[in-house]
Structure formats: structure tokens, C-alpha cells
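Please read this briefing alongside the sequence and the 3D structure.

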Amino acid sequence: MVFLDSALSKYTGGIIGGIRAKSNRVKNMVGGISGKLTDKGIKSFVNRSAPGSKLADGRGLYLLITQTQTAIWRIKYRIEGKEKSYSIGGYPQNSLAQARLELNEVKACLTKGQDPVISRRLNRANAASQSDSTFKAVAEEWFSMKEKEWSATHFTKSKRAFERDVYKSLGALPIESITPSVIAKAIETINKRDVLETATRILQHLNGVFRYAQAKGLCEGNSAAPVKEILPRKKTNGHMPALLDWNSLGALLRAADAARLSPSVRAAHRLLAFSATRISNVVQAEWKEFDLDADIPIWVIPRAKMKDHTRVGDHRIPLGPQITAELKQWGKLFGRRGYVFPSPTGNQYISRESLEKAYRVTLNMAGKHAPHGWRSAFSTLARDNGFEQDVVELALDHAHGNEVVRAYDRGERFTQRVGLYKWWGEKLTHAQNGAEVIELTKKVA
């Protein structure tokens with residue numbers, strides 16, 4: 001039989017040899033289980049090869065020697081006409097058998113038309129979303145720590161910004177997997193709304209979250225640090241633009257009345273102008289802070305909401321008859337409960353960005369008058385018209401180093417502030433109606 005088999009092999013070897021060769025090829029192809037490489041051959045290659053050398057196993061799988069003389073598995077593939085690379089990991093941590101199994105998964109993704117790199121990233125994100133190392137989980141820890149340091153207003157505003165602009169894109173990702181480019185895309189998306197201040201503030205908080213994660217050993221580097229390069233530098237002119245004459249202020253008030261603004265933004269703009277307070281206090285104003293039916297209508301802003309926390313007592317703003325009447329009418333329309341200026345987008349209150357954009361874009365006031373400009377106009381015109389500087393400063397709740405000046409806040413200076421706001425409301429109303437405003441400092445012949 002042996003002789004017969006040898007004879008057949010010799011004289012009809014084309015048939016029998018062909019059958020055996022075909023059998024071996026089929027074995028190599030089924031499931032991609034077998035390739036060209038062996039463990040012995042890989043070890044020899046790793047020991048003798050220079051950086052940049054490659055050893056192919058077939059079907060796109062190969063071993064690469066890096067510049068640090070380590071061996072890593074990679075898979076070369078094409079999708080949508082583009083050649084890409086999928087990294088498996090180092091050898092011998094990942095054996096030849098493990099690399100081939102990973103190759104089969106990559107091929108399965110490609111068969112479905114999926115990019116294996118993107119599929120892996122999504123799978124990792126989904127797995128990590130159940131753990132405590134996601135960006136959102138770490139950020140929430142950081143916010144809990146900062147809540148003890150920050151004012152209630154700053155804390156609420158900062159956390160709300162993350163919920164609105166950050167968690168949707170970064171929240172479910174493992175914090176160690178987030179790269180600067182991912183953060184840059186999120187920040188660019190925010191800045192496209194033309195809100196540089198908001199984008200800058202959010203990026204500052206992102207830096208804080210990543211430094212916190214570094215300290216806890218959850219990531220190696222601060223991926224937010226390089227992203228500042230994509231934001232334009234703020235102008236350093238030192239002052240917010242402001243209109244400082246009655247005719248210009250009156251024209252602005254008339255333009256706002258004629259402009260297409262949402263009801264909440266329009267009403268908030270009016271309170272901003274007649275109270276000359278900070279934009280954050282206006283957008284976060286609550287009905288419980290107002291007593292519109294008192295003999296002297298008043299808006300009492302809790303000290304925790306104010307910029308200066310060193311002052312004694314809450315900040316009291318006496319309201320003139322013009323803005324008091326408007327607020328009463330506003331309350332009839334929407335009720336005097338909760339926030340005064342609810343957001344049409346479903347948030348609790350309108351954003352400061354909505355007011356800033358109304359001035360900058362809708363009213364074409366960019367570089368001429370910002371929402372903060374009402375405070376500058378109030379301060380300048382009041383002092384020019386004979387009101388004492390201390391009274392004006394107390395009305396604006398500016399910080400004072402003089403303890404005597406601080407004490408006035410609860411004393412007779414409040415009566416003078418009532419007169420100041422009555423004068424301010426009357427002057428704005430006359431200016432808006434187009435009446436000629438004669439400065440007290442000017443002599444009339």
C-alpha cells in the first residue's frame with residue numbers, strides 16, 4: 001500500500017497533491033484562525049528587528065516594532081475608500097491567538113459597514129457609563145467640592161452651564177479617554193453662539209475637573225490645558241462699552257421697544273435699564289425678592305447673589321414708578337411665582353447670553369453699549385447731575401474699603417437712593433419719549 005501510494009504520488013501527484021494543497025488553503029481560510037505566523041517566528045522577529053520593522057500575518061494583521069523597541073499588533077483596513085489602522089495592543093501581552101480573534105471582530109464590523117475604531121470607542125463609553133470614572137461622575141464630584149467654596153449663584157450658574165453645554169458630548173466618556181481635540185470640538189460648538197465669555201468660563205472649569213481627576217489618578221494629563229489656544233483673546237480695553245448721553249440712551253430704549261425680542265428678554269432689558277444692576281441679578285430675579293405694593297416699591301437681592309459678599313445685609317434697590325408699573329403688568333400676565341423672566345426654551349430663567357446677544361446683534365450695539373453699560377451710564381450721569389458719589393456707589397453695591405461708607409447702607413443714605421432712582425427713572429422715560437433733557441450742570445440763558 002505504501003508503494004502504491006508512493007507510485008500514485010509520483011505519477012498522479014498533480015491530482016493528490018492538488019487535493020492536499022487545497023485542503024490546507026481551506027483550513028487557513030476558515031474563520032481566519034490560521035495565518036502565516038507562528039509563536040516561534042514572532043519571538044525571533046522581535047529579538048532581531050529594528051524599529052519600524054513589520055511582520056505580516058495576513059488579512060491586514062501585522063506586528064510592528066516601535067521606536068521604543070516594543071512590539072504592537074495592528075490591523076490595516078479600508079473603509080469608505082480610506083486606509084486606516086486599528087491598534088490591538090502590545091506583544092506578548094496580547095498573544096497571536098488573541099490578535100487573530102480581534103482581527104475577526106474587526107472584519108465583522110467592516111462587513112456591517114461599521115468603522116471598528118469608532119465601534120470600539122462607543123463600546124468603551126457604554127461600558128464606562130456604568131462606572132464612576134466617566135467625565136460626568138468626576139465633574140459631579142468636583143462640583144460637590146466647589147459648592148462649599150463658591151456662592152450659591154456662581155455654583156448654580158456653573159453647574160447649569162455643564163448640563164447645557166458639556167455633558168451631552170463628554171458626560172458618558174471615560175475621563176482618561178478624552179483627548180484635547182474632543183474638548184476643543186465642544187468648546188468651539190459653544191463659541192459658535194458668539195458667547196466668548198461663556199466658552200472661556202466653561203473651559204476654566206474643565207481645567208479644574210481634569211486637574212482634580214489627575215490628583216485622584218483617574219487620568220495622566222490635563223486634556224483641557226491646550227484647548228485655550230482655539231479661543232480668541234479677549235479685548236483688554238478695561239471697560240464695557242456704554243452710552244453716556246440721554247439722547248443716545250433714549251434712542252436705545254426706543255429701538256428695543258421696536259425690535260423683535262422675546263417677551264422675557266424685553267422685560268428683563270427694561271429692569272436692567274431702570275435698576276442699573278448686574279445682568280446676573282436681573283436674569284435670576286425671583287418674584288419673592290420684590291415688594292411692588294409697598295409705599296416705596298423695592299427689590300431686595302439676597303447678599304448670596306451679589307458680587308460683593310463682604311457687605312452687611314442684602315442689597316436693596318428702590319424702584320421708581322415707571323418700572324414698578326411695568327413689573328406689575330408683567331406679573332399679571334405670567335403670575336408672581338418663581339423666576340421673573342422664564343426662559344421660552346424650557347429652562348428656569350433666560351440666560352445672560354440671550355440678553356447680551358440682543359444688545360450686540362439685534363440692537364446693533366456691539367462696541368457701543370453692553371448690558372453692563374447701564375451701570376456706567378447711571379454712575380456717570382448721576383454724579384454729573386449732583387448726586388454724591390457715596391450714594392451712587394452704594395446704589396450700585398460697589399465694594400468699599402471704608403467701613404463708614406458700608407454702614408450708610410442701613411442708614412439715611414437709603415432715602416437719598418430713593419430720590420436717585422426716582423430721578424433716574426424719570427430721566428430715562430423723558431429720553432425715551434424724545435423729550436429734550438437739560439443737564440442740571442448747564443446754565444440756561
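Predicted model: local features only at pLDDT ≥ 70, side-chain atom pairs only at ≥ 80, totals over all residues.

Residues are numbered from 1 along each chain as its sequence is written, and side-chain values use heavy atoms, with hydrogens and water left out.

**Overall make-up**

- The protein has 19 helices and seven strands; helices (H or I, at least four residues) and strands (E, at least two) are DSSP runs, numbered from the N terminus.
- Of its 445 residues, 43% count as buried; buried means under 20% relative accessible area, exposed over 50%, and partly exposed in between (1.4 Å probe, protein chains only).
- Among contacts with a separation of 6 or more, 60% join residues 24 or more positions apart, where contact means heavy atoms within 4.5 Å.

- Helix H9 covers residues 180–191, and its 12 residues should span 16 Å at 1.5 Å a residue, which agrees with the 16 Å between its end C-alpha atoms. The expected span of a helix is 1.5 Å times one less than its number of residues.
- The buried residues in H9 are Ile 183, Ala 184, Ala 186, Ile 187 and Ile 190. They cover an arc of only 165° around the axis, so they sit on the same side of H9; the arc is that of the directions from the helix axis to the C-beta atoms.
- Ser 181 and Lys 185 are exposed, on the face of H9 turned away from its buried side.
- The cover over the buried residues of H9 includes helix H7 (152–165), helix H8 (167–170) and helix H10 (196–215).

**Helix H10**

- The 20 residues of H10 should span 28 Å at 1.5 Å a residue, and its end C-alpha atoms are 29 Å apart, which agrees.
- H10 is mostly covered, with 14 of its 20 residues buried.

**Helices H11 and H16**

- Two packed helices are described by the angle between their axes and the distance between the axes.
- Helix H11 (residues 246–258) and helix H16 (residues 373–384) have axes that come within 12 Å and cross at roughly 145°. Axes are lines fitted to C-alpha atoms, for helices over the stretch in contact, and angles run from 0 to 180 degrees between N-to-C directions.
- From H11, Trp 246, Leu 249, Leu 252 and Leu 253 meet Trp 374, Ala 377 and Leu 381 of H16.
- By class, the contact of H11 with H16 has seven nonpolar, no polar and no charged residues. Ala, Val, Leu, Ile, Met, Phe, Trp, Tyr, Cys and Pro count as nonpolar, Asp, Glu, Lys and Arg as charged, and the others, Gly among them, as polar.

- Arg 352 is in helix H15 (residues 352–362), and counts as buried because its relative accessibility is 16%. Leaving aside neighbours within four places in sequence, the contacts of Arg 352 include Lys 157, Glu 197 and Arg 201.
- Pro 318 is in strand S7 (residues 315–318), and counts as buried at 2% relative accessibility.
- Trp 73 lies in strand S3 (residues 71–79) and is buried, with a relative accessible area of 0%.
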